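Hi everyone, thanks for coming.

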Amino acid sequence: MAMRKTAFLILLLIPLCALAQEPVELQAPEAEKNPFGKEELISFADFLFQEKDYEKSATEYRRFCLLYPEESDVPYALFQAGLSLERCGKYKTARKLFKQFYRKKEGEKASIVSSYRIACTYIEENYYLTALKYLGNYENSWGKLPVQMSYLKGYAHLKMGSYSDAIEELSSLNVKGSSLSSATYFLLSKAKQGLVLPRKSPVVSGLLSTAVPGAGRAYCEKWGDAIFSFLCVGIPAGVGYALMEKDRGFSNACFFLSASFYLSDIYGSTVDAIKYNRDIRRHFQETIDRDIPVAPTEIFSDYSSIEGK
């Protein structure tokens, strides 16, 4: 019986050993790797971009670059992939793709476009100083800034509150008759408005409340807080004074409470002045982005304006 089992096992192992000597190579069909041809793939990516499905469009544009690295449409695909990632907030990767676009495309126009879009991504992240530094490096390398970059530079100064610098930059632009004419004049007028924005001094606000409780709040146009602060300081102080002879302990407690409100009011008044300035500036900045005729992100956002696809 044991001999029969051994013989059966030997017969079973012989074909398995033969299969082991000839490994089977598993390979996905070409159609499954890339179900689209070149034209279909780039058209599909364009369709996703137009539908504002930017993450997927970026993936398809990058797939095109990987599958067809020598095709003439690669610079277009790289630019569109960078633009897609920029629009879905992946700025760091977008910058890498814009740099790859420049290496593929080369030339002064490609340098202008890629550098402009990279500076734009920094501004969209509110890294205004980084954007200005990047534009400055470009100016040092090429000797001058194109009109579009000077426009972007003026916008960055305006957004970070450097109104005098914005006026100086925008005033130097020769945009008469160009598509940026109205937008430049708009930013210039906003920069001039920024110089005369209403502001409250935290120091003055604190000193006013030191002299008269609630006066600093009134200075910051917080009338309800001003009245409340005046009462919170005045009533305990008045009660404490009235009971000074009759109940020294309770009187001292009232004075302590009044002093606490007094110091709190001085501090709160300085904070109110800071908040007032911040709110005025935020509202002012919102009107810039809301009413601007040509947003900086719209410039060099269409590849056909760079070079026909």
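Predicted model: local features only at pLDDT ≥ 70, side-chain atom pairs only at ≥ 80, totals over all residues.

Residues are numbered from 1 along each chain as its sequence is written, and side-chain values use heavy atoms, with hydrogens and water left out.

Let's look at H3, residues 38-50. Helices here are DSSP runs of H or I with at least four residues, numbered from the N terminus. How far apart are the end C-alpha atoms of H3? They are 19 Å apart, which agrees with the 18 Å that its 13 residues should span; the expected span is 1.5 Å times one less than the number of residues.

The buried residues of H3 are Leu41, Ile42, Ala45, Asp46, Leu48 and Phe49. Buried means under 20% relative accessible area, exposed means over 50%, and partly exposed is in between, using a 1.4 Å probe and protein chains only. The buried residues of H3 pack against helix H4 (54-67) and H5, where contact means heavy atoms within 4.5 Å.

Now the core. A nonpolar core is a set of buried Ala, Val, Leu, Ile, Met, Phe, Trp, Tyr and Cys residues joined through side-chain atoms within 4.5 Å. The largest one has 65 residues, and Tyr61, Phe79, Tyr151 and Leu187 touch the most other members. Helix H7 (residues 108-124) gives the most to this core, with nine residues.

Finally, the rings. Rings of Phe, Tyr and Trp (its six-membered ring) pair if their centres lie within 6.5 Å; planes under 30 degrees apart are stacked, over 60 edge-to-face, and the rest tilted. The count comes to 11 aromatic pairs. For phenylalanine 49 and tyrosine 54, the centres are 5.4 Å apart and the planes at 70°, so the pair is edge-to-face. Phenylalanine 49 is buried at 13% relative accessibility, and tyrosine 54 is buried at 14%. Tyr61 also belongs to one aromatic cluster with Tyr76, Phe79, Phe98, Phe101 and Tyr303.

Note on methods. Helix = DSSP H or I, 4+ residues; strand = E, 2+ residues; numbered from the N terminus.
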